[in-house]
Amino acid sequence: MKKVQGNDSFQRMNYLYQISKHIAQINPALSSYYGNLMVNVAKKTVLKIHPEIKRQMCKKCKCTLIDNVSAKMRIRTKNKAKVIEWTCNTCDTKRNLPADKNRDHTLWVEKTEAVVEVIVS
Ligand SMILES: [Zn+2]
């Protein structure tokens with residue numbers, strides 16, 4: 001009856017991600033707390049956070065970045081390429097993401113199975 005550890009962690013990370021995302025609209029500090037928990041679960045296991053999810057997290061405090069809620073989003077042009085500049089409201093950290101790939105920057109990965117992927121080692 002022993003459960004597969006990776007699967008447990010997978011579900012736990014999905015759960016933490018959902019909470020972090022949801023709570024960002026109410027309490028960004030709590031979003032950061034759950035974001036950190038998710039990162040810690042990922043570190044302890046063979047799971048890694050999906051790149052699309054990482055894009056939505058502040059690289060410093062790990063809160064979920066939502067425009068006009070937990071962060072400010074601006075489109076800028078750098079070397080003729082469009083970049084999305086996110087500024088975290090919680091810790092003021094800026095991050096730039098290329099805008100060409102995902103033209104719809106408000107698009108969130110809603111599929112829970114997309115949250116994490118297993119590293120094949
Ligand atoms: Zn932050």
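The following points comment on a predicted model of a protein chain.

1. Composition. The protein chain holds 3 helices and 5 strands. Read from the N terminus, these elements follow the order α-α-β-α-β-β-β-β. Of the 121 residues in the chain, 26% are buried. Where contacts link residues at least 6 apart in sequence, 57% of them join residues at least 24 apart.

2. Confidence. The mean pLDDT of the protein chain is 81, and 77% of its residues reach 70 or more. Among the elements, α2 has the highest mean pLDDT, at 94, while strand β5 (residues 116-118) has the lowest, at 50. The pLDDT is below 50 over residues 104-114, a stretch with 13 contacts in the model beyond near neighbours in sequence. It is also below 50 over residues 117-121, where 8 contacts are found beyond near neighbours in sequence. Where pLDDT is low, the predicted coordinates should not be read in detail.

3. The nonpolar core. The largest nonpolar core has 20 residues, of which Met13, Met38, Cys58, Leu65 and Cys88 touch the most other members. Two or more residues each are given to this core by α1 (5-23), α2 (28-44), β1 (47-49) and β3 (81-88). The largest share, 5 residues, is that of α1. In soluble globular proteins, nonpolar side chains tend to be buried together.

4. Helix α2. The 17 residues of α2 should span 24 Å at 1.5 Å a residue, and the distance of 25 Å between its end C-alpha atoms agrees with this. The buried residues of α2 are Pro28, Ser31, Ser32, Tyr34, Gly35, Met38 and Ala42. Met38 is also one of the core residues that touch the most other members.

5. The sheet. An open sheet is formed by 3 strands in the order β2-β3-β4, with antiparallel pairing. Its edge strands are β2 and β4 (94-98), each of which pairs on one side only. From one strand to the next, the twist averages 25°. Strands of a sheet pair through backbone hydrogen bonds, either parallel or antiparallel.

6. Pairing of β2 with β3. These two strands pair in the antiparallel sense over 8 bridges. Arg74 stands opposite Glu85 in β3. The hairpin of β2 and β3 has 2 residues between the strands, and in this hairpin Asn79 takes a positive phi near 50°.

7. Pairing of β3 with β4. Here 5 bridges join the antiparallel strands. Val83 is placed opposite Pro98 in β4, and Ile84 opposite Leu97 in β4. The hairpin of β3 and β4 has 5 residues between the strands, and Asp92 takes a positive phi near 70° in this hairpin.

8. Surroundings of Cys88. Not counting residues up to four places away in sequence, Cys88 touches Cys58, Lys60, Cys61, Cys63, Leu65, Ala71 and Thr93. Cys58 and Leu65 are, with Cys88, among the core residues that touch the most other members.

9. Lys60. Lys60 belongs to the loop between α3 (51-55) and β2 (71-78). Leaving aside neighbours within four places in sequence, Lys60 is in contact with Cys88, Cys91 and Thr93. Lys60 and Cys88 are separated by 28 residues in sequence and by 9.0 Å in space, C-alpha to C-alpha.

Terms used. Residues numbered from 1 in each chain as written. Predicted model: local features only at pLDDT ≥ 70, side-chain atom pairs only at ≥ 80, totals over all residues. Core = buried A, V, L, I, M, F, W, Y, C linked by C-beta atoms within 7 Å. Buried ≥ 20, exposed ≤ 12 C-beta atoms within 10 Å, placed from the backbone. Helix = DSSP H or I, 4+ residues; strand = E, 2+ residues; numbered from the N terminus. Contact = placed C-beta atoms within 7 Å. Pairing = 2+ DSSP bridges. Axes fitted to C-alpha atoms, helices over the stretch in contact; angles between N-to-C directions. pLDDT = per-residue confidence, 0-100. Expected span 1.5 Å × (residues − 1).
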